[in-house]
Amino acid sequence: MNNDTRIARLEHVGKRYGTVVALDGIDLDIHRGELLALLGPNGAGKSTCIGLLLGLHRADSGTATLFGEDPQDIGPRRRIGVMLQAANLPATLKVGELLRLTASYYPDPRPLAECASLAGVADLLGRRYGALSGGQQRRVQFAMAMAGRPEILFLDEPTVGMDITARQSLWAAIRQLVAGGCAVVLTTHYLEEAEALADRVCVIAKGKVVSEGSVDALRARVALRRIRCLTSLDPGIVAGWPDVASVEARQDRLAIATTQAEVVVRRLLHADPSLSELEVQRAGLAEAFTEIARGADAAQEAA
Amino acid sequence: MTAIDTAIGQGTVVAMTPGRLLDAYVQEAKAECLRYLRNPGFLLPTLLFPSVFYVMFGIFLGHANSADAPRYLLASYGTFGVMAPGLFGFGVSLALERDSGLLTLKRALPMPPGAYLLGKMCMALLVAAIVAAILLCLAIFVAGAALPPSRAAGFFGVEVLGSLPFSAMGLLLGTLVKGQGAPGVVNLVYLPMAFLSGLWIPLPVMPPFLQSIAPLWPAYHLDRLALSAVGLGDGGDAVHVAVLAGFTIVFVAIAARRLRRHG
């Protein structure tokens, strides 16, 4: 065995639909056992990335590989599990039948009872799929995704339509799979989902990876903190202070972005003793994400 | 809380044995049959239309008919009946599943290639067998058609296998249309073809022009074979079989090309 832990790769992949560029020479590696979250606005190319790794589309340029092989071959796909965003499963089949069918595609499937209990659908096995609630249907789809003891699991927006309890129990199941050595590629709109689960986050915008790293690294990339306060100070003067990145003013309310919040706060309090309603916030993943996407936009416009 | 073993073997790839591969095909066919047999919206019209037509025209309104009528109508409505599972079961379901994401999921999963289409084919054959059996029972036990067991078996075989060209046609239609519009499109093919092939009104009483173009429709050729099976044929069976096989190959070839290109 070699020491290459990369089990799924996109190398300089380009893909266009008509005149729309979906992916613009993207590089993406997924390592054995890691949980990678793909974030990005709608239309950024997240689902196209997953589609290429699943062999649903062919790359216009570059290569997509799964376990070093072409994802359009069935061999490497026998080692994966899939949960897609929109899949209307046959409404008249029972949950147990759907699980048995999916398991039959794999060489060494997970026992049905185990899948059902991991996904929390053990009490639904005799029910027809069409009679289930949206959240229950998603759990069934998750049970199907792990039916084949996958080494890598692709989850495209897995918790859409789930309430908070269901979402948390799905997160627990995902963590359990990752602890057992399964890699997971997750696309999500819920930033807290990426924060709760991901080892590594990859932000995609306009068909390119614009940021890649741990959740902490991503947050640190936007080291800015935001200071908000009510003050009579002139925004123009504050904007001229060292370490102040930007100032927005609305009437007496200032919003200051800075990497050196402590220094700026000290100076603010000194300059305006009547300053009130002081707030200092670290950028969350949401803000980091917006900041990065905006930065990518600006870079593209400048180019 | 029972401990669940979620560990996976690192780098050890378990091969798919022939037995497991066969099981995948069997499970797919079983699931496909079950889901349609449980769907009254599909099953009832498919079974009822030919049976009701046969009961109406072959039995209730059959006093003035000739002695051959029960067999003649058995061939016509049998052919009409076995076209439906192929056209609708294949065509409409493929069109809907291309739209709903189910086909995408199946393509992403390691479903053996062909299992999807073979599953649908088994379903169409099974439903065609049910239609043919119902009509045979009506013809023999209610209409009193003179059919020795060998002819009945021949008719059953012709009609069941005869659903295959229409499955191929449904497959092609399913790749051409997408989503909710599919049932309408399939009916636009199904009903005129049944009429033009002489399944509702016997060809000899139709305008000569319509008679002359009847051999263009696959349903005409299956009807000829069915008539021959019940003892009312006028020869040329080999030609009809060849034409139906030709239609099937052409439909499947075009459909396969479209599926590969567009998914």
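Modeller: In this predicted model, β11(A) is joined by 6 bridges to strand β12 of chain A, residues 253-258, and the two run antiparallel. Within this pair, A:Ser246 has A:Ala257 of β12(A) standing opposite. The pair belongs to an open sheet of 4 strands in chain A, whose order is β11-β12-β10-β13 and whose pairing is antiparallel. The edges are held by β11 (244-250) and β13 (276-282) of chain A; each has a single partner strand, so one side of each is left without a neighbour in the sheet. On average, and with direction ignored, neighbouring strands of this sheet are turned by 15° against each other. As to the pairing itself, strands of a sheet pair through backbone hydrogen bonds, either parallel or antiparallel.

A helix accompanies the sheet. Helix α10 of chain A, residues 261-271, lies across β10 (225-230), β11, β12 and β13 of chain A. Relative to β10(A), helix α10(A) runs at about 15°.

Chain A brings 36 residues to the contact and chain B brings 32 residues. On the side of chain A that touches chain B, α2 (74-77), α3 (95-104), α4 (112-119) and α6 (164-179) of chain A each supply at least two residues. The most is given by α3(A), with 5 residues. By residue class, this side of chain A divides into 19 nonpolar, 8 polar and 9 charged residues.

Key:
Residues are numbered from 1 along each chain as its sequence is written. Chains are lettered from A and ligands numbered from 1 in the order in which they are written. This is a predicted model: local features need pLDDT of at least 70, side-chain atom pairs count only at pLDDT 80 or more; totals for chains, interfaces and linings use all residues. Two residues are in contact if their C-beta atoms, placed from the backbone, lie within 7 Å. Ala, Val, Leu, Ile, Met, Phe, Trp, Tyr, Cys and Pro count as nonpolar, Asp, Glu, Lys and Arg as charged, and the others, Gly among them, as polar. Two strands pair if DSSP finds at least two bridges between them. Axes are lines fitted to C-alpha atoms, for helices over the stretch in contact, and angles run from 0 to 180 degrees between N-to-C directions.
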